[in-house]
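Visitor: Could you take me through this one? I'd like to start with how the parts of the chain sit against each other.

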Amino acid sequence: MRAMVLEAGRKELVARDFDAPRAGRGEIVLAVRACAVCRTDLHVVDGELDARRPLIPGHEIVGDVVERGEGARRFEVGARVGVGWLGRTCGACEHCTRGRENLCASPTFTGRDRDGGYAEFACVDERFAFALPERYDSLHAAPLLCAGAIGWRALRAAGDAERIGLWGFGASAHLVAQVARAEGRRVFAFTRPGDAAAAALARRLGCEWAGSSIELAPSELDAALIFAPVGELVPRALAQVARGGTVVCAGIHMSDLPSFPYSLLWGERCVRSIANLTRRDAEEFLTFAGDRSLAVEPVPYALADAQRALDDLRAGRVSGAAVLLP
Ligand SMILES: [Zn+2]
Ligand SMILES: [Zn+2]
């Protein structure tokens, strides 16, 4: 099979040919139809996150089951399933046993600890695969698996906040904005200065205001969700959040947070992160997405162009979600 690989000592993907993986016990092999490109992949390739090398990245995989390993019976051969970042958990640690498998002490992440979906085939643990809503074709379903599901978890962390600010209007924010609107919330989008395409997309998806990340929203906010990996945005967001409001940092990596006056945090404002997600998060979100048509904005790339997709994401040239089509 053809795959895009991150080799030791390199920061660029290279195309390689391998034998297709075989399913072990409890595993399934997928013929990959689509794999969305997440900002986390960029952090892996750039060396900001530790990852196995050599590695096939990619953790928003949609594929057809082509082989089932011993004991794997959840999905029929031919079924279309999705796989996200959470590749396997221990099931026994204090977090797993308390419904917080996203914080598992010894997790396996797809496209970090085991090979992911930047390939023609991928092998996954069937317990961490999901049935997908049929109303989305594979190109449109792939971004739901991390961008959408992480956005969902971040929004849940904001509680019942009515006025939501989104910093970084990319793959996650364009989906969470629609969820928040469907829940009757008001949404304000902060985009990279000069990114007219992202601002236009935000308005089209129901945000009542879209401006640059250095502007002030026309209204105080009840919560801020930060998807951009920029620590400076934390005090900027805090300054616009009302008393009792929450700033949620949704990315896996962020530049250092600058110091800021305590008065920004005073008033029971809260800053928290979102770490990974549980299977329940993904199932809840996929159910929500299956009940209505979310406007997913994919930008398709050929598998061989994976590096170009990452470069475009880094440079802010992707409006919506980049998706590889093996
Ligand atoms: Zn665990
Ligand atoms: Zn991701």
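Visitor: How many residues of domain 1 are in contact with domain 2?

Guide: In this predicted model, 21 residues of domain 1 are in contact with 19 residues of domain 2. The domain assignment gives domain 1 as 2-146 + 277-325 and domain 2 as 151-273, and the centres of the two, taken over C-alpha atoms, are separated by 26 Å.

Visitor: Which elements give two or more residues to the domain 1 side?

Guide: Those elements are α1 (39-45) and α7 (279-291), and α7 supplies the largest share, four residues. Sorted by class, the side of domain 1 that touches domain 2 has ten nonpolar, five polar and six charged residues.

Visitor: OK, and how do α3 and α7 cross?

Guide: The axes of α3 (residues 147-157) and α7 come within 9 Å and cross at roughly 105°, which means that α3 is roughly perpendicular to α7.

Visitor: Which residues make that contact?

Guide: From α3 the contact uses G148, A149, W152 and R153, while α7 brings D281, A282, E284, F285 and A289. By class, this contact has five nonpolar, one polar and three charged residues.

Visitor: Switching to the backbone: what is the peptide bond from R53 to P54, cis or trans?

Guide: The bond from R53 to P54 is cis, with omega near -10°, and P54 lies in the loop between α1 and β4 (61-68).

Visitor: What about phi of E268?

Guide: Phi of E268 is near 60°, a positive value in a residue other than glycine. E268 belongs to the loop between β14 (241-249) and β15 (270-273), and E268 counts as exposed because it has 9 C-beta neighbours inside 10 Å.

Visitor: And N276, buried or exposed?

Guide: N276 is buried, because 22 other C-beta atoms lie within 10 Å. N276 also has a positive phi of about 60° although it is not a glycine, and it is found in the loop between β15 and α7.

Methods. Residues numbered from 1 in each chain as written. Chains lettered and ligands numbered in written order. Predicted model: local features only at pLDDT ≥ 70, side-chain atom pairs only at ≥ 80, totals over all residues. Domains from an automatic or database assignment. Contact = placed C-beta atoms within 7 Å. Nonpolar A, V, L, I, M, F, W, Y, C, P; charged D, E, K, R; others polar. Axes fitted to C-alpha atoms, helices over the stretch in contact; angles between N-to-C directions. Parallel < 35°, antiparallel > 145°, perpendicular 65-115°, else oblique. Buried ≥ 20, exposed ≤ 12 C-beta atoms within 10 Å, placed from the backbone.
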